[in-house]
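Subject: Structure handover

Hello,

Please find the structure below. My notes on it follow.

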Amino acid sequence: MKTQRLLLIMAFALISGNSWAATSCSRANLTRCLDSACAINISSNPAARCQYCGTASAGEPKSGGMRAVSVGTSTKYNISEKDLKKAPTDPAERYAWAAKQCIKKVSGCTVDDVADVYDALIEQSCKAAGISAEMKTLAADAAKERTNSSCSSEISACLITDTRCGANFENCESNADFDKFFAACGVDATGCDEHISGIRENLIAARDNAFENAETLINNIVVAYQNARTNLLAKTKSQCTDNTGMEQCIENVCANNMINNCGAGFESERAMATQLCKFHQIACDTLN
């Protein structure tokens with residue numbers, strides 16, 4: 001990372017046509033200048049130098065964006081807020097850009113001075129960024145340990161994914177499959193050891209209940225179809241007994257298929273409708 005930044009600084013400096021005279025360099029002023037671009041809100045964010053001018057892997061800087069803040073008692077060597085608006089957001093490019101600006105502002109300073117003054121500060125800031133990230137992870141893990149509810153929610157969400165038991169536990173009908181997936185989810189749920197046993201019992205009960213309800217639902221559907229068939233058969237036999245089924249069929253054919261609706265003088269139409277409805281008589285003979 002240091003070599004990459006150094007090459008970028010040299011490229012920017014060569015383009016700008018600076019002359020690096022071997023004169024005295026005020027490293028305090030150079031640091032102040034670099035900080036105005038790389039240490040924004042450093043008092044509340046120790047990782048600022050790493051985030052602004054170190055590496056993108058340190059995460060986004062905290063609120064405050066790219067605006068300038070006062071560094072020290074004098075702003076003579078600070079990069080102006082107007083110029084900061086032109087600063088790159090990529091950390092390596094911003095470092096090189098800031099170095100170019102500060103070599104112009106602080107007389108006698110060179111690329112080597114920038115590296116000597118600032119690389120160690122950036123590395124310290126990157127360590128702070130790493131510690132901060134680790135603390136966030138530990139805090140998140142600690143939060144998971146606080147309640148049985150949070151552990152249960154996390155393990156349940158893990159268990160019912162399509163690649164494990166599934167939403168209806170269809171992939172975990174056997175205890176062996178259930179235990180395999182539950183164990184994997186339990187390992188991922190950091191800090192939930194004391195709740196694991198109770199959570200497993202609850203989820204086993206939920207699985208058994210899901211299968212029991214599914215079987216009950218299927219049985220209810222089967223019974224409903226059986227009742228429907230029985231009722232239809234009883235109704236059909238009744239229509240055969242009083243011949244209402246046949247009569248209703250003839251009336252429907254006359255109304256819907258005959259030009260004169262089997263009216264007076266059109267006995268041939270009624271005779272044709274009667275022939276079309278003969279299947280009723282055949283069905284009744286079969287049932288009887």
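Helix H10

Helix H10 covers residues 244-257, and its 14 residues reach 20 Å from the first C-alpha to the last, close to the 20 Å expected at 1.5 Å a residue. The expected span is 1.5 Å times one less than the number of residues in the helix. Helices here are DSSP runs (H or I, at least four residues), numbered from the N terminus.

The buried residues of H10 are Gly245, Met246, Cys249, Ile250, Val253 and Cys254. They lie on the same side of H10, because the arc they cover around the axis is only 170°; that arc is taken from the directions from the helix axis to the C-beta atoms. Ala255 and Asn256, on the other side of H10, are exposed. Buried means under 20% relative accessible area, exposed over 50%, and partly exposed in between, with a 1.4 Å probe and protein chains only.

Before the rest, the conventions: this is a predicted model, in which local features need pLDDT of at least 70 and side-chain atom pairs count only at pLDDT 80 or more, while totals for chains, interfaces and linings use all residues. Residues are numbered from 1 along each chain as its sequence is written, and side-chain values use heavy atoms, with hydrogens and water left out.

Disulfides

The count comes to 8 disulfides, a disulfide being a pair of cysteine sulfur atoms within 2.5 Å.

- Cys249 and Cys277 form a disulfide with their sulfur atoms 2.0 Å apart. The torsion about the S-S bond is about -85°, so this disulfide is left-handed. Cys249 lies in helix H10 and Cys277 in the loop between H11 and helix H12 (278-287), so the pair ties together parts 28 residues apart in sequence. Cys249 is buried at 11% relative accessibility, and Cys277 is buried at 0%.
- Cys38 is joined to Cys53 (S to S 2.0 Å), and this link is left-handed, with -80° about the S-S bond. Cys38 has a relative accessible area of 1% and is buried; Cys53 is buried at 0%.
- Cys50 is joined to Cys126 (S to S 2.1 Å). This disulfide is right-handed, because its torsion is about 95°. Cys50 lies in helix H3 and Cys126 in helix H6, so the link ties together parts that are 76 residues apart in sequence.

Salt bridges

There are 7 salt bridges, each a side-chain nitrogen of Lys or Arg within 4 Å of a carboxyl oxygen of Asp or Glu.

One of them pairs Arg27 with Asp113, the closest N and O atoms being 2.9 Å apart. Arg27 is in helix H2 (residues 27-38) and Asp113 in helix H6 (residues 111-145), so the pair ties together parts that are 86 residues apart in sequence. Arg27 is partly exposed at 38% relative accessibility, whereas Asp113 is buried at 11%. Arg27 also meets Asp116 in a salt bridge (3.5 Å, N to O). That pair again links helix H2 with helix H6, here 89 residues apart.

Regards

Key
Helices (H or I, at least four residues) and strands (E, at least two) are DSSP runs, numbered from the N terminus.
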